[in-house]
Amino acid sequence: MDISYYLLRAQLFEQEQQGSVSCTLQEVETIWQCTKRHVIRKLKKLEDNGQLSYQPGRGRGNKSILTFLSDFRQDVETCLRYCIQENKPHILFQLLQLPIPRHWYTHITELEQLFGYQQHEGQDTLRTVFNRQITTLDPCASSITFESHLIEQLSDTLVMYDQETDSVHSHLAHHWKTNEDYSEWTFYLRKGVLFHHMKEMTAADVTYTVNRFTEGSPFFWLVRDILQTEVLDPYIIRFRLAKPNPFFLRYVASVSMAILPHDVPFNEYDWVATGPYQLKERTDKLLVLEVFPSYFHMRPFLDRVEMWRIKPGEKTVNYSLPNQKGPTQSHYEVGQGFHFLAFNFYRDTIVQDRYFREAMYHLLDIQQIFDDLQLEPLFGKLKHASSFFPEKSVTPVKSKQKLQEALAKSAYQGERLTVGVIRHKSAGIPARWLVKEAAKYGITLELAEYDLDSIYDKQKMLAFDMAFLGEIANNDRELSFIGAFKNEALLFRTYFSPSHLKKIDQYLSDYQDCATREERSNIADTIERYIHTERLIIFQNHPIKERTHTAFLQDLELTGFGHPNFRKLWVDKLV
């Protein structure tokens, strides 16, 4: 099964006439990304295999004739069934990336056998998919949920936070203590904890981890107040802070504070930490996690997790057992996050006008968007957002009359404004609605797409007058609330003016000094009231997702980032 044959046919398929294509060798060089000599050699091989006949063009630059000897759709189906029978996911996923019509293979239900839970030669494997390029797996920088989820599977922190009990538990550190004013924190490390390269973890590794954070990096706020890191013993480390911080223990539990070894440079593709899984392979198309046999804590049930990249829009799969049609478990879940539109206060445009922002607030009516476009079948049920915390959100009151009144009071003169929207089909749907609806009121908006990793490039994001994005909390929602405003990669820090941030930072300083969750909740309410009053962002909706899996999968616990926790997942083969 030579994938180059399928690549060639897929790229030239629209030009085929009765199985023949007229093209230059240079065109084939571009498709195969190889030299002319290699092109001729590969064509000769395919000819010997009886897959095509090659008639070279006479003279330099003249077109050659390629005649294919079989039906391409039948070839694709034959290849797919071969991949299923012989368990060849590498070939299958290469094939699915090619520009071939989806309806050629959607009827092949056996494709799902290559996904979900697999058992081969005593090894338990979970095979799943993702649909975009991975940005960064650096804990100091990663601000995107899927990447942070992967870091959680590969690494450990000194302590772990439990949202349900609102408490912190020991992990890499078996004990800790602090002084009376919370300005000094001492951690006692477990002995015998091994990194993936089989070196023991010590206090030197904790120091190295903290020192990796640099000014301006997204999560520098976690270590900004550390004045001194003292190694008191190979297994004892003390942090001295510039000011008291009762919340510091929660900082240490952040996935961004994953402990890395000091003796090897950090490498995105050769990840070394102490986690239950180690990074076995990472390419543009595949990421493989394999269990770390020497993990200090409970060994995961799954020996291997394969994540294959597919094209956006391809059919995804549920976690299931092959050749089993057992009962399924399904429920709707409100995501711990929300979609929003943010205003860029660093551009001298009409978005500086409070009346214009008020008009945009009434214009961006998520209920009307769902009704007009009938989005519930695509996006799930609508849960209005007016808060970072779903349980606090209420349905906002939108008014076309107030829209017009606010717009009339503003200084808007019809100038064109650029709205950034992530390059994703679902994100573009409400954004395009907004552009059309705005035009009815004389507001001229122009969409500009950006890739997800653009959030790490401030200059790109600052080129927009407004931008759509989403914010998702991890399992420590209170720490995520702080991080939303402190993280240099997120739009709040990027777009809010210095005066806005100064006021919010003052509130956050009081927030982390609070002794109870209720007190922190009251301050969070104050911050959100300020955001609403100033119309700094426009809340849209909380994502609601339907979670479906077979009853064979036990302890399907979702991480704070909304992905299955591979550490705890196991399969009951007797169900």
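Q: Why is the passage of helix 9 by helix 12 called a left-handed crossing?

A: In this predicted model, helix 9 passes helix 12 in a left-handed crossing. The term applies because the near helix is turned anticlockwise from the far one by less than a right angle.

Q: What makes helix 9 and helix 12 roughly antiparallel?

A: The axes of helix 9 (residues 354–363) and helix 12 (residues 400–409) cross at roughly 160° and come within 8 Å. Angles over 145 degrees count as roughly antiparallel. The two helices, helix 9 and helix 12, are therefore roughly antiparallel to each other.

Q: Which residues in helix 9 and helix 12 meet?

A: On the side of helix 9, the residues are Y355, F356, E358, A359, H362 and L363. Their counterparts in helix 12 are K400, K402, L403, A406, L407 and K409. By class, this contact of helix 9 with helix 12 has seven nonpolar, four charged and one polar residues.

Q: Why is S509 counted as partly exposed?

A: The relative accessibility of S509 is 30%. Buried means under 20% and exposed means over 50%, so S509 falls in between and counts as partly exposed. S509 is found in helix 17 (residues 498–513).

Q: What is the separation of the C-alpha atoms of S509 and N245?

A: The C-alpha atoms of S509 and N245 are separated by 8.9 Å, while the two residues lie 264 residues apart along the chain.

Q: How do you know which strands are the edge strands of the open sheet?

A: Four strands form this open sheet, in the order 8-9-11-10, and the pairing is antiparallel. Strand 8 (173–178) and strand 10 (226–233) each pair on one side only, and these are the edge strands. Neighbouring strands of the sheet are turned against each other by 20° on average, direction ignored.

Q: What makes strand 9 and strand 11 a pair?

A: Strand 9 (residues 184–189) and strand 11 (residues 236–241) have five bridges in the antiparallel sense. Pairing requires at least two bridges, so strand 9 and strand 11 meet the criterion. W185 has F239 in strand 11 as its bridge partner.

Q: How many helices and strands does the protein have, and what share of its residues counts as buried?

A: The secondary structure comes to 18 helices and 25 strands. Of the 575 residues of the protein, 53% count as buried.

Key:
Residues numbered from 1 in each chain as written. Predicted model: local features only at pLDDT ≥ 70, side-chain atom pairs only at ≥ 80, totals over all residues. Heavy atoms only, no water. Axes fitted to C-alpha atoms, helices over the stretch in contact; angles between N-to-C directions. Parallel < 35°, antiparallel > 145°, perpendicular 65-115°, else oblique. Contact = heavy atoms within 4.5 Å. Nonpolar A, V, L, I, M, F, W, Y, C, P; charged D, E, K, R; others polar. Buried < 20%, exposed > 50% of the residue type's maximum accessible area, 1.4 Å probe, protein only.
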